[in-house]
Amino acid sequence: MITSTRLAAGVCVLLAALTAGLAFPAGAAVGEPTGQDAPKVDLVLDVSGSMRARDIDGRSRMAAAKQAFDEVLDATPEEVELGIRTLGADYPGEDRRTGCKDTAQLYPVGPLDRTAAKAAVATLTPTGWTPIGPALLKAADDLDGGNGSKRIVLISDGEDTCAPLDPCEVAREIAAKGIGLTIDTLGLVPTAELSRQLSCIAEATGGTYTSVEHQDELTDKVNELVDRAADPVVTPVPAEGAAACAQAPALKSGLYSDREEFGQQRWYRVDVRPGQELRASVSVAADRAVTPAYGVLLRAVTAKGREIVRGEAAGSGRTDVVSTGLRYPKAGSDEEGAPAEAVCLAVSHSFSAASGVKTTPGLPLELTVDVVDAPDPAGDVAAFGLGRGWWLLGVLVVAGFLAGLVWGWLSRWRIAVWRSS
């Protein structure tokens, strides 16, 4: 009995090993463009009159923000270039036009002088309006230039007071510039409307929103976001897709970003040589309210318009990002110096804007392209027909047949031993 059990277990292990070895061939590394310059962070602080409220651990919101900034400045990594911008810090009057211009760079983005930055923060007094939209536009200018990571950390206790300049639309416009800037937002003792607005701002650029009601939460979260800026980052390269294959931009292996309007189709071109394999994936994000039920389609098409392969995915409103991908291995050639094939990638989606939502700029699109040497035929899952299931089915049939023979022989042997005894 013990022998038969061990043998059956061994057969199962062998089958598992065969299946794992065939189903998961080794992947290839992709050379992607990455940021090389120093990471930059601009802390944007609301200094409007409402920051006088004393509801954060018995202290005013302004006092809590100052303490948090002091601790964050002490902990900022040396490699991070940090700046501080204020909104509502200087104009105490009632003129809306003037109040909506009240944003200033308190400490310029650059190598950090901790003493000077702390001294600047200490002078702040809650004063005026809440021009979030204008402050975000100026903060984006503060971070202009360079190819390292760029991050705005917005801390506010109230909604923007400078409509019709919608801060959410401002964030979308900043994201549409393709400069790789992320906006994270923190709401101090937020209302439902403030949470909605700050969440929208963050989502438009791939950032995060956090509700804060205690001093330690504020300090920890700002520290976390500043530290995150120092982490290695892959910066997508802006690429403007064309309306047709013939005008499509040529892409190499890497990570690319674009914007796609509702009902639009974007085309890109990749050259694939004989013996190479094209691997591509695309993600489209809904950075605003959209109607439920949508999908994303990625197609590889020849220059003459024949579809080679496609990848598609659908969503139903439970996630705001939909992704899909495809693989196209090009057969090798005995001809020396055989030309590359121009493969066009077509991206389309079926998102539709909810009623009253602006349709421009288009939805953010991220495209990954990887052109690698095609796997050797002996190690390629697709080459053995695993994609269609035949090879795996054959392995399982043969293994099952052998296991059945062994099990039958053992059963007969046990019966013969039992009869003889």
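**Figure 1. A search of the whole structure finds three disulfides, a disulfide being a pair of cysteine sulfur atoms within 2.5 Å.** The structure is a predicted model, in which local features need pLDDT of at least 70 and side-chain atom pairs count only at pLDDT 80 or more, while totals for chains, interfaces and linings use all residues. Residues are numbered from 1 along each chain as its sequence is written, and side-chain values use heavy atoms, with hydrogens and water left out. When the bonded cysteines of the protein are numbered in sequence order, the pairing reads 1-2, 3-4, 5-6.

**Figure 2. Close-up of the disulfide formed by C100 and C162, whose sulfur atoms are 2.0 Å apart.** The pair links distant parts of the chain, 62 residues apart, with C100 in the loop between α3 (96-99) and β3 (103-110) and C162 in the loop between β4 and α6; helices (H or I, at least four residues) and strands (E, at least two) are DSSP runs, numbered from the N terminus. The link is left-handed, with -100° about the S-S bond. C100 counts as buried at 12% relative accessibility, where buried means under 20% relative accessible area, exposed over 50% and partly exposed in between (1.4 Å probe, protein chains only).

**Figure 3. Close-up of the disulfide that joins C168 to C200, with an S to S distance of 1.6 Å.** Because C168 lies in helix α6 and C200 in helix α7, the pair ties together parts that are 32 residues apart in sequence. C168 counts as buried at 4% relative accessibility, and C200 counts as buried at 12%.

Figure 4. Among the buried residues of α7 are L194, L198 and I201. The buried residues of this helix pack against several elements, including α5 (132-142), β5 (181-188) and β8 (254-260). After α7 comes G206, whose phi is positive, near 80°.

Figure 5. K66 is partly exposed, with a relative accessible area of 22%. Leaving aside residues up to four places away in sequence, K66 touches V121, A122 and L124, where contact means heavy atoms within 4.5 Å. The side chain of K66 reaches the backbone oxygen of A122 at 3.2 Å.

Conventions:
A polar contact is a pair of N or O atoms within 3.5 Å; within protein, one must be able to donate a hydrogen and the other to accept it, and residues adjacent in sequence count only if both atoms are side-chain atoms.
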